[in-house]
Amino acid sequence: MDETNPEPTGPDLARRADLLLGAPLGRDFLSAFVDDWLEDTLFAALGLGDVPGTAAFVVEDDGPGSTPRTRTVHRRKHREWRDVPAAEARAVLRETVARREWSGLGEMTEAELMERLSEVSNLFGFGGGDTARWGLTGLAAEELRPVAEALAASPGAGWWWDPVDRTDQRQLVWGEPARREGSGLAGVEKAMRRDMARERVAHKKGRRGRPRPGERNLGATWWSAPDFAENTWTTGARGGLPALELGHFIDTFTPFEESTATVGSLRIGEHARVAEIRGPRDWRELVTRFPRDVSGTHDGEWRDWGDVDGPWYLPDWEALAEHYDGVHVTVGGYLSSCGLAQPVHDGYTMLAGWVPDATVWVRDVATGDRLLGLWRGDPQDCGEWEERLAGWDPYPGG
């Protein structure tokens with residue numbers, strides 16, 4: 001969790017590969033280059049039947065004059081993924097990787113890599129077979145190492161562990177244009193304290209409904225980003241987008257209809273204290289140092305994803321604000337931490353629902369601010385990034 005004079009290159013290439021292999025999202029991203037339908041491939045080859053939440057459809061015809069009927073058939077599973085020997089999982093994944101469909105990965109551009117990450121991360125954790133896939137690729141993670149090493153060495157990913165760019169942070173504010181030049185991060189500390197008070201109340205109420213050990217309670221708050229981040233976090237301008245947040249990596253804070261967003265550029269003061277998250281250890285140390293029990297609001301998907309019962313912790317942003325002005329999660333930190341349950345104190349923490357390269361600010365440390373333009377469109381209905389760029393309307397000279 002380096003905050004002073006961080007090395008611009010972050011971890012070395014071998015360590016970067018290790019980080020990518022160690023987390024569910026990292027392995028999901030690597031798998032996307034190996035096989036578009038790896039989940040189906042694993043389930044079929046390992047005798048696990050259909051991926052949960054999917055089904056086969058059979059058309060029945062009773063003869064001349066009858067009306068064909070469609071019947072849904074769920075194939076019976078032969079066993080649970082936990083019953084699969086690691087050697088079997090490794091053999092299947094080794095054979096798939098050996099086809100080398102990922103061989104062109106190193107030639108992909110920054111934009112192509114980030115667009116692929118958007119596709120993978122946007123649905124992370126909400127598929128029927130996700131936890132089984134994470135478990136199986138965890139058993140066979142070493143088979144993905146050639147892919148991880150190729151990605152870590154890719155020029156398009158060379159900046160993924162870099163510290164926050166203080167010279168040009170892009171702020172995206174949804175809604176009709178009301179933002180004025182010079183507003184920057186004004187009011188961020190007040191918003192942080194207001195939301196923390198509200199979240200503590202929600203936590204106390206939610207604790208009464210916590211499931212017992214071993215039970216599941218899906219549908220709780222699943223993102224780690226605080227609510228005040230909606231209008232206070234920033235990203236770089238990457239992959240051709242005026243703000244990386246437009247890449248639609250998650251649904252957190254993203255409108256579900258035609259909307260307008262104002263994009264501004266902030267210059268961050270050299271004195272700003274930024275906690276850099278380059279991997280799971282950095283996040284764990286941050287939460288260990290500034291713990292806040294969030295079991296009452298977050299004991300849902302995390303219990304299922306992490307396969308542990310909690311209690312759950314996130315940063316106490318008010319306590320953190322006494323020591324830091326912002327927390328920057330690098331792309332590498334995001335990939336190597338998202339969905340990973342990590343022990344802290346008497347429970348666990350998890351990073352999820354965060355935009356890669358986003359910095360959540362808790363104090364106004366902007367020394368310059370200028371408006372760049374407007375983006376218009378339906379953020380949920382844009383596929384390729386060219387469609388997102390079509391909605392960008394820069395101001396003259398912006």
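In which hand does helix 1 cross helix 7? The crossing is right-handed. The details follow, with the reminder that this is a predicted model.

1. Helix packing. Helix 1 covers residues 13–21 and helix 7 covers residues 145–152; their axes lie 8 Å apart, at an angle of about 125 degrees.

2. Residues at the crossing. From helix 1, the contact draws on Leu 13, Arg 16, Ala 17, Asp 18, Leu 20 and Leu 21. Helix 7 contributes Arg 145, Ala 148, Glu 149, Leu 151 and Ala 152. Sorted by class, this contact comprises 7 nonpolar and 4 charged residues, with no polar ones.

3. Strand 6. In a regular strand, side chains alternate between the two faces of the sheet. Strand 6 (residues 274–277) has both faces covered. Val 274 and Glu 276 are buried on one side, and Ala 275 and Ile 277 are buried on the other.

4. Pairing of strand 6. Strand 6 runs parallel to strand 9 (residues 326–329), and 4 bridges join the two. Opposite Ile 277 stands Val 329 of strand 9.

5. Overall figures. The protein has 14 helices and 14 strands. Of its 398 residues, 52% count as buried. Among contacts with a separation of 6 or more, 83% are between residues 24 or more positions apart.

Definitions and conventions. Residues are numbered from 1 along each chain as its sequence is written. This is a predicted model: local features need pLDDT of at least 70, side-chain atom pairs count only at pLDDT 80 or more; totals for chains, interfaces and linings use all residues. Side-chain values use heavy atoms; hydrogens and water are left out. Axes are lines fitted to C-alpha atoms, for helices over the stretch in contact, and angles run from 0 to 180 degrees between N-to-C directions. A crossing is left-handed if the near helix is turned anticlockwise from the far one by less than a right angle, and right-handed if clockwise. Contact means heavy atoms within 4.5 Å. Ala, Val, Leu, Ile, Met, Phe, Trp, Tyr, Cys and Pro count as nonpolar, Asp, Glu, Lys and Arg as charged, and the others, Gly among them, as polar. Buried means under 20% relative accessible area, exposed over 50%, partly exposed in between (1.4 Å probe, protein chains only). Two strands pair if DSSP finds at least two bridges between them.
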